[in-house]
Amino acid sequence: MRASHFCSACGKVQPPVPVDYFSFFGFPRKLNVDTGLLEREFYELSRKLHPDLYARAESREQEWSMEQSSLLNDAYRTLKDPIKRTEYLLRLEGVELEEQSKAATEKARATGEVKKQVVPPDLLEEVFELNMQLEELRMQKKAGENDPMLIQEIGKQKMSLEAKYEALLNELRGYWDQWDKLVDSGAEEDRRKVRDKMLDLLNRRNYVRNLVRDVTEALESST
Amino acid sequence: MAYSDKVIDHYNNPRNVGSMDKSSPEVGTGLVGAPECGDVMKLQIKVNPQTSVIEDAKFKTFGCGSAIASSSLATEWVKGKTVDEALQIKNTEIVKELSLPPVKIHCSVLAEDAIRAAIHDWKKKQDVTKPVAVEAQ
């Protein structure tokens, strides 16, 4: 059920209740979102909540309509974007990336066990190697040199990274389906497994994204 | 956000930048990354097999100033320590030494992870190269 934004008796705007973005629109905490419906709901609510409508209303109504409108915008922007939506859900599900990493390091120190790295080793190798090449490219640029072979090689890797980036989004959609099924009927433990898989995937994706950005910058400044 | 003087010093004059032969049995390599920022850090140690003392350390980090300073400091600290002593280095000590702000704590975590990963890699090599005890007939 949608959170009540208006009084059921008099229809006046209400102060925002602290709800998550999914409940704000009356959606279940699922990752496959009907974006058409989301958009329609957004436009309808933004019309009804628009502060201009309350220009002559009591000051607290003005205030509430402003608060509700800003919440509406945040909620819409977050849910519309597939990655932001997933990240938001993971936060709702209690994922604290940095806290987890710190805790895992402390555990490794205390027990002597090896900490599991969130980024797979082969991806790290790739990131490292490519960064070495980028550094070489920048140094050549500084020295006024130009190595077409190196530029071509980096360009090729950029394309493979972009393909990887796309593929990760598709993989993520697969997890959405698993997650949504588990929301209706599923054990807490299974949900946590899917949650952690999504987290791993987003971490990998962050890496690839940053790398694509760096490569693009380096190539642009060298041509 | 302003970097502390120590971070700037390590950033401008990083200690022990470079690499060592990954395949050498005396060298341990740790390659770690922080998905929060996309940093990647490689830390290598050269260990004396008799004494387990870390005789040399090298690093190469792609990342922000704090990540570079954390790994630079880590190489300074592990040198001359035994591997067991080096395993006691805490990320909080790096935070303190470099006066890292809360948003940069993950850089120090990364440096500690890199030390551990390098030592783990070296230990793994020792297990393989150690002569297997011959069972009594």
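This is a predicted model: local features need pLDDT of at least 70, side-chain atom pairs count only at pLDDT 80 or more; totals for chains, interfaces and linings use all residues.
Chain A is built from helices. It holds eight helices and zero strands. Read along the sequence, the pattern is α-α-α-α-α-α-α-α. The radius of gyration of chain A is 23 Å. The globule rule gives 17 Å for 223 residues, so chain A is more spread out than a compact globule. Along the principal axes, the C-alpha atoms of chain A fill a box of roughly 70 × 45 × 30 Å. Buried residues account for 38% of the 223 residues in this chain. Among contacts in chain A with a separation of 6 or more, 67% join residues 24 or more positions apart.

The surface and charges of chain A were also computed. Its accessible surface comes to about 12900 Å². Carbon and sulfur atoms contribute 51% of that area. Chain A carries 36 positive and 42 negative side chains. The centres of these two sets lie 3 Å apart.

From the N terminus on, the order is α-β-β-β-α-α-α-α. Of the 137 residues, 53% count as buried. Residues 24 or more positions apart supply 64% of the chain B contacts with a separation of 6 or more.

Chain B exposes about 6500 Å². Carbon and sulfur atoms make up 53% of this surface. The chain has 17 positive and 18 negative charges. Their mean positions are 2 Å apart.

Nonpolar packing was examined next. In soluble globular proteins, nonpolar side chains tend to be buried together. The largest nonpolar core in the model has 59 residues. The residues with the most contacts inside this core are A:F25, A:L172, A:M198 and B:V40. Seven helices of chain A give two or more residues each: α1, α2 (35-49), α3 (59-80), α4 (82-92), α6 (121-142), α7 (148-184) and α8 (188-222). Helix α8 of chain A provides the largest share, 12 residues. A second, separate core has 33 residues. Its members include B:V47, B:A57, B:L100 and B:I105.

Leaving aside residues up to four places away in sequence, A:F25 touches A:R2, A:L38, A:E41, A:F42 and A:L45, among others. The contacts of A:F25 also include A:L72, A:A75, A:Y76 and A:L79.

Two further residues of chain A were inspected. A:Q133 lies in helix α6. The relative accessible area of A:Q133 is 19%, under the 20% cut-off, so this residue counts as buried. Beyond residues up to four places away in sequence, A:Q133 touches A:L150, A:E153, A:I154 and A:Q157. A:V17 sits in the segment before α1 (21-24) of chain A. At 39% relative accessibility, A:V17 is partly exposed. The C-alpha atoms of A:V17 and A:H5 are 8.1 Å apart, although the two residues are separated by 12 positions along the chain.

Two loop residues of chain B have positive phi values without being glycine. B:N16 has a phi of about 60°. B:N16 belongs to the loop between α1 (5-12) and β1 (27-34). With 17% relative accessibility, B:N16 counts as buried. B:S52 likewise has a positive phi, near 60°. B:S52 is found in the loop between β2 (39-47) and β3 (54-62). The relative accessible area of B:S52 is 23%, which makes this residue partly exposed.

Technical notes. Residues are numbered from 1 along each chain as its sequence is written. Chains are lettered from A and ligands numbered from 1 in the order in which they are written. Side-chain values use heavy atoms; hydrogens and water are left out. Helices (H or I, at least four residues) and strands (E, at least two) are DSSP runs, numbered from the N terminus. Buried means under 20% relative accessible area, exposed over 50%, partly exposed in between (1.4 Å probe, protein chains only). Contact means heavy atoms within 4.5 Å. Accessible areas come from the Shrake-Rupley method with a 1.4 Å probe; for residues, only the protein chains shown count as cover. Lys and Arg count as positive and Asp and Glu as negative; His and the chain ends are not counted. The place of a charge is taken as NZ of Lys, CZ of Arg, CG of Asp or CD of Glu. A nonpolar core is a set of buried Ala, Val, Leu, Ile, Met, Phe, Trp, Tyr and Cys residues joined through side-chain atoms within 4.5 Å. The radius of gyration is taken over C-alpha atoms; the globule rule is 2.2 Å times the number of residues to the power 0.38.
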